[in-house]
Amino acid sequence: MKKKYLALFPALVWFMITSFKPTDTISLLAPGFQPLTDTLHYAEEKHFKNIQQLTFGGDNAEAYWSYDSKYLVFQRTNPKEGLNCDQIFIGKVPQRSGEKFEYKMVSTGKGRTTCAFFTKDGRHIIYASTHLGSDDCPPVPDRKKYGNRYIWPLYNSYDIFMADLDGNIVKQLTSAKGYDAEATLSPDGKKMIYTSDKDGDLELYIMDLKSGKEKKITHTLGYDGGAWFSPDGKKIIWRASRPKTEAEIKEYKELLAEGMVAPTNMEVFVANADGSNARQVTSFGQANWAPSFMPDSKRIIFASNHEYKRGFPFNMYTINSDGSNLQKISRDKGFDAFPMFSPNGKKVAFSSNRNNGGTRDTNVFIADWVE
């Protein structure tokens, strides 16, 4: 998600995976690039055990757990199946070795969707969709116009909806003109945090689902997105860009006026659940994003390319909320991101280019977590 940064990348990686952003699922790997190795589990990944690959083929990302840790909801693109842009799917997590992960589409099949999340009752999901704007996939930005940099479109037809598990939309949660997406829910299921540009900048909002009342909780120029509540409900965590120089601010505002954002330098931020006492956790440069709290509500897991000036690989890391004790968790030579712990704390789901046979496919994986 969030739902929802990058420094300039060389031509080799002028296009990247969704992962950054749920609105544009494509592959990280440029044509002709081959990972040095292709495996399910790297020896250095000491915290993973019993890794299972759940999807095979296409671009599958942002897999998030149901509250009972039994199901995953994720977004999927695969032109070979007629899925030309992201749609939302759900599937029951295999409980025994050899059990197949079977999934079904629960979005409308129209427009582009992103950032899905289960509700507390386990009978509904929320997600963002452009289907009210058009049945067709919205156009992808011409990145040549921007020097082949990676540009994220902020489709103004994105709104957030609630649907049942048969795909029937039961409620529209946002209706403001502009981009509304990257939504997740609080542990008690009562509050939704999401990103919107309705006030002229990309800010975070918290909405009470029952009443619809909401409050803007970020107020600093730059992209704020991909937010999550901590498991204990006391904190929030998100990714943010903070343009500082005159040139950075000018570029950010000009792109925003065109309904786009160029990911330049994302860092991880945390705050109290009401947005107070916000502070920056990482200062690594490049793209540090897809953060979430670990089960103890103290440590953080996130994705980053900060070790590699060429812009990839992306790997997953853990860090204390005070910015100490950085540890590298994953080792794929292409792309590992969207780490998300199951609510019971036993498993982690993530998306990766690993074990894809040298293609550009991104798939969903789960693993037992070992401390």
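Does Cys 115 count as buried or exposed, and at what relative accessibility? At 1% relative accessibility, Cys 115 counts as buried. Buried here means under 20% relative accessible area, exposed over 50%, and partly exposed in between, with a 1.4 Å probe and protein chains only.

## Basis of the model

This is a predicted model, in which local features need pLDDT of at least 70 and side-chain atom pairs count only at pLDDT 80 or more, while totals for chains, interfaces and linings use all residues. Residues are numbered from 1 along each chain as its sequence is written, and side-chain values use heavy atoms, with hydrogens and water left out.

## The sheet around β6

Cys 115 lies in strand β6; helices (H or I, at least four residues) and strands (E, at least two) are DSSP runs, numbered from the N terminus. Cys 115 is not a glycine, yet has a positive phi of about 55°.

Strand β6 belongs to an open sheet of four strands, in the order β6-β7-β9-β10 and with antiparallel pairing. Its edge strands are β6 (113-118) and β10 (169-172), each of which pairs on one side only. On average, neighbouring strands of this sheet are turned by 25° against each other, direction ignored. For such angles, axes are lines fitted to C-alpha atoms, for helices over the stretch in contact, and angles run from 0 to 180 degrees between N-to-C directions. Two strands pair if DSSP finds at least two bridges between them; β6 and strand β7 (residues 124-129) have four bridges in the antiparallel sense. Phe 118 stands opposite Ile 125 in β7.

## The disulfide

A disulfide is a covalent bond between the sulfur atoms of two cysteines. Here the criterion is a pair of cysteine sulfur atoms within 2.5 Å, and the count by this rule is one. The bond joins Cys 85 to Cys 137, with an S to S distance of 2.2 Å. The torsion about this S-S bond is about -90°, so the disulfide is left-handed.

Cys 85 lies in strand β4 (residues 83-92) and Cys 137 in the loop between β7 and β8 (152-153), so the pair ties together parts that are 52 residues apart in sequence. Cys 85 counts as buried at 2% relative accessibility, whereas Cys 137 counts as partly exposed at 34%.

Strand β2 is mostly covered, with seven of its seven residues buried. β2 pairs with strand β3 (residues 71-78) in the antiparallel sense over five bridges. Within this pairing, the bridge partner of Trp 65 is Leu 72 in β3. The two strands form a hairpin with five residues between them, and Ser 69 in the turn has a positive phi of about 65°.

The whole structure holds 24 aromatic pairs. Rings of Phe, Tyr and Trp (its six-membered ring) pair if their centres lie within 6.5 Å; planes under 30 degrees apart count as stacked, over 60 as edge-to-face and the rest as tilted. The rings of Tyr 64 and Trp 228 have centres 4.7 Å apart and planes at 80°, so this pair is edge-to-face. It links distant parts of the chain, with Tyr 64 in β2 (residues 59-65) and Trp 228 in strand β15 (residues 224-229), 164 residues apart. Both Tyr 64 and Trp 228 are buried. Tyr 150 and Trp 152 also form an edge-to-face pair, at 6.2 Å centre to centre and 90° between the planes. Tyr 150 is buried at 6% relative accessibility, and Trp 152 is buried at 0%. Elsewhere, Phe 48, Phe 341, Phe 350, Phe 365 and Trp 369 form one aromatic cluster.

## Charged side chains

Arg 239 sits in strand β16 (residues 235-241) and counts as buried at 0% relative accessibility. Its side chain makes polar contacts with the side chains of Glu 182, at 3.3 Å, and Tyr 223, at 3.0 Å. A polar contact is a pair of N or O atoms within 3.5 Å; within protein, one must be able to donate a hydrogen and the other to accept it, and residues adjacent in sequence count only if both atoms are side-chain atoms.

A charge sits over a ring if NZ of Lys or CZ of Arg is within 6 Å of the ring centre and within 35 degrees of the ring normal. The charged end of Lys 198 sits over the ring of Tyr 205, 4.6 Å from its centre. Arg 242 lies over the face of Phe 269, at 5.1 Å from the ring centre.

## Backbone details in loops

The peptide bond from Phe 312 to Pro 313 is cis, with omega near 5°. Pro 313 is in the loop between β21 (299-304) and β22 (315-320). Gln 286, in the loop between β19 (279-280) and β20 (288-293), has a positive phi of about 60° although it is not a glycine. Gln 286 is buried, with a relative accessible area of 7%.
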